[in-house]
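Thank you for sending this model over for comment.

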Amino acid sequence: MNKENQFQQNINSEDPFIKNLYSDLNERIDAYEQEEAVKIDKMKWKDATGSIFFMILIIAYLIYSLV
């Protein structure tokens with residue numbers, strides 16, 4: 001609860017920098033909380049195929065150079 005009071009005090013601060021900083025932060029938090037389209041898609045195999053291919057190439061090169 002103390003954090004909420006401090007947050008509100010910073011929004012009502014006389015220092016324009018602090019007031020602008022906390023007002024902008026408050027607007028961003030409100031926009032994030034109201035956004036209903038926060039959907040996280042799961043990673044698919046096709047998203048990782050390029051990385052997996054390069055890892056296989058690096059591993060093959062390391063095995064080849066050590067043998």
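**Notes on the model**

1. Arg28 and Asp24 both belong to helix 2 and sit four residues apart, about one turn of the helix; helices here are DSSP runs of H or I of at least four residues, and strands are runs of E of at least two, numbered from the N terminus. Arg28 makes a salt bridge with Asp24, with 3.0 Å between the closest N and O atoms, where the term requires a side-chain nitrogen of Lys or Arg within 4 Å of a carboxyl oxygen of Asp or Glu. Side chains of opposite charge can pair when their charged atoms come close. A search of the whole structure finds one salt bridge.

2. As to solvent, Arg28 counts as exposed at 58% relative accessibility, whereas Asp24 counts as partly exposed at 33%. The classes are buried for under 20% relative accessible area, exposed for over 50%, and partly exposed in between, computed with a 1.4 Å probe on protein chains only.

3. Please keep in mind that this is a predicted model, in which local features need pLDDT of at least 70 and side-chain atom pairs count only at pLDDT 80 or more, while totals for chains, interfaces and linings use all residues. Residues are numbered from 1 along each chain as its sequence is written, and side-chain values use heavy atoms, with hydrogens and water left out. Within the chain, confidence is lowest in helix 1, at a mean of 79, and highest in helix 3 (residues 45-66), at 94.

4. Ser13 lies in the loop between helix 1 (2-11) and helix 2 (16-34), and Ser13 is buried because its relative accessible area is 19%. Its side chain reaches the backbone nitrogen of Asp15 at 3.1 Å. When neighbours within four places in sequence are left aside, Ser13 is in contact (heavy atoms within 4.5 Å) with Ile18 and Lys19.

5. Ile40 is placed in the loop between helix 2 and helix 3, and at 77% relative accessibility Ile40 counts as exposed. The C-alpha atoms of Ile40 and Ala60, which are 20 residues apart along the chain, are separated by 34 Å.

Notes
Polar contact = N/O pair within 3.5 Å; in protein donor to acceptor, adjacent residues only side chain to side chain. pLDDT = per-residue confidence, 0-100.
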